[in-house]
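Open the model in your viewer and keep the selection tool at hand. The tour makes two stops.

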Amino acid sequence: MQDFIDPKSVAIVGATDDLTKVGGLIMANMIRGGYSGKIFPINAKRETVQGFKAYPSVEDVGEHIDVAVFIVPAKYILEEIEKLGRIGTKAAIVLTAGFKEIGPEGAKLEEELVATAKKAGVRIMGPNCFGNINVFSGLNTTFNMYVPQPGNIAILSQSGAVGSSILDWGCNTPSIGMSKFMTFGNKCDIDEADCIEYLGNDDQTGVIGMYIEGMGDGMRFVKAVESMDNKKPMVVFKSGRTAAGSKAASSHTGSLAGADEVYNVIFKKLNIYRPKDLDEMFDVMTVLSLCKPMEGTGVALITNAGGLGVMSADASFSDEYIHAAELSDATKQLIIDGVPTIASAANPVDVRGDAKAEYFKEAIRAVAKDPNVAAIAVMSSPLDTADLDAVAHGIVEVSKEIDKPMVTCFAGGLKCSTAIKIAREGGLACFPSPDRELRALSALRRYYLNHEAKKTPMHIPDAKGKDAAKAILAKAKKEGRISLSESEGKKILAAYGVPTPGEAVVNTADDAVAECERIGYPVVMKILSPDIQHKTDVGGVVVGVSNAGAAKDAFYKIMTSCKAAKPEARLDGVSIQQMVSGQEVILSVVRDENFGPVVSFGLGGIFVEILKEISQAHIPLTEEMLDEMITSTKAYKLLIGARGQATSDIEALKDTVRRIILISIENPEIHELEINPVIVGTKGKGCWAVDALITLVE
């Protein structure tokens, strides 16, 4: 990665004097940025380009080239990559479009590009990318003229256009600066994981912001983030939340967005903040870049306008990570003594519309001493009675004395513009509204809370079920099946120590009566078929069978209904199960194409379809993640005994979760394992897997 972002020499293939062309713009940007290395323009028709000696080919340069930047038609790229291999250049940034983003023909050309580069020993960033910037060295291989000031935010972007918007925001926000800017376009080779690995060890980078539309190798990304020695805050704007957005992403960069919910699970696990829009992305990157760590939840709110105070109090009241701090009597007295205009010394602190800059400073000093205050949010309206510029200068001055994070808000436009500029040039995080100001503080607290959270490796049960599971899976594979019967699924569960109710499989009505008598009434009877996954929908389930006559009737009803609804299905008989009582929940593990296995938990039975409330976690888990997955749901409220009901056996439920996680880890052939329902008995009574659906990776 060093050659892509901090090279000592750069060849620009397609460089020109014409500043209306990309090759001319990149050449000019390298010169304008004061790039400290060597620049080799490649243009067979010119002897010089923008004052630099030009070369017909990279093979004519005669000096080592760390990286080559390509702005030539797609049809020439393969030949140029071969030349790099011959001269020993190991890195190529391909801005050229016309690859997989345009369809099958382009995808084929991209495959050929990858093969050619691999043979030549060349790594590729792109194609269809926007280029890279190293603010500290002056490298600018993009066609974006303006570059932010040096700072600690690194930006990664799959989209060049979105990347240019982020660069422009950085140029217009003097309080923040950037270290590196990298784009990867179609990601035929270099991707997010490569960039994260590099930035994780980059001393000039403190915060990583990223825009993506899809992720090619999710497991590598997870490993890269988890492997960072010095965990750096990350803000990732992943678009393609909707079906329409996913389709647009595919046509834009050829990305497959994947299941959007899984990204939420991954980002939560990795303590990555996922903004909903660019404004939120900018706000969160700003507060993470500029503010000290927030070590508590209490926020002191200081304002010259009661309305802004009310807005900020509302924003903090409803937030999960912060709240309006309860100021001590001593703090309130300090405020009263230091601020003659005070309207309210309680939180929010209202210094009134005609407050001088000194009064803001005294209020800030007072609340900063309060042990209940972990952060300070100052906000001001553009009242004619207020000297906003003086207030901004005062806030900047006092911020140097404060050892707690502080953010500001000048809520207005024209009359606030100078004050905003003063605050930002003074190194303060400044926001246009109280809501955005408090939301940014919440993100700050959330990051440090999760960063410091205990992480206990999940206990792995001592279950010896692997051999039995492999035999069952091998049999299904040999028979050309991609799903197991319920009986086979339960055998795998039993092999791993997951309890199941007493049961039997029968093929006649008389056998059904005999087995029901043996197991004991009441029982539930279900069709047994590898081809019927949703049994209830086809009349394949009868519950509450309580005597011999009901058992015979249920057998005939199930077989008749399933033959009528699914005439092509293989019917292996009827399963009879002991009816057990307790709360119904659902457990499942699905192997995501990008990120691997994800475990899910929620209300079971029919409620999973109706309420659609599922909590998920990425495997492997910590014990804390397991607890949160369960306790964050409505199902948990029932399990702990809502409205006087008995408390359920949550420890037994957690043990079952651990066991199905182990099944997924030891058996990568399994695509999906679902138990719906799991019946959780009362505390100390255990839980049972009543159903088992297992499908295989195709």
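Which side chain does a polar contact of 3.3 Å join to that of S615? Select S615 and S632: their side chains are joined by that polar contact of 3.3 Å. A polar contact is a pair of N or O atoms within 3.5 Å; within protein, one must be able to donate a hydrogen and the other to accept it, and residues adjacent in sequence count only if both atoms are side-chain atoms.

This is a predicted model, in which local features need pLDDT of at least 70, side-chain atom pairs count only at pLDDT 80 or more, and totals for chains, interfaces and linings use all residues. Residues are numbered from 1 along each chain as its sequence is written, and side-chain values use heavy atoms, with hydrogens and water left out.

Stay on S615, which lies in strand β27 (residues 614–618). Strands (E, at least two residues) are DSSP runs, as are helices (H or I, at least four), numbered from the N terminus. S615 has 11% relative accessibility and so counts as buried, meaning under 20% relative accessible area with a 1.4 Å probe, protein chains only. Leaving out residues up to four places away in sequence, S615 touches several residues, including F601, E628 and M629; contact means heavy atoms within 4.5 Å.

Next, select the open sheet of five strands, ordered β2-β1-β5-β6-β7 with parallel pairing. Two strands pair if DSSP finds at least two bridges between them. β2 (38–42) and β7 (123–125) are at the edges with a single partner strand each, so one side of each has no neighbour in the sheet.

Now pick β5 (residues 67–70) and β6 (residues 91–94), which pair in the parallel sense over four bridges. F70 has V94 in β6 as its bridge partner.

Notes: Buried < 20%, exposed > 50% of the residue type's maximum accessible area, 1.4 Å probe, protein only.
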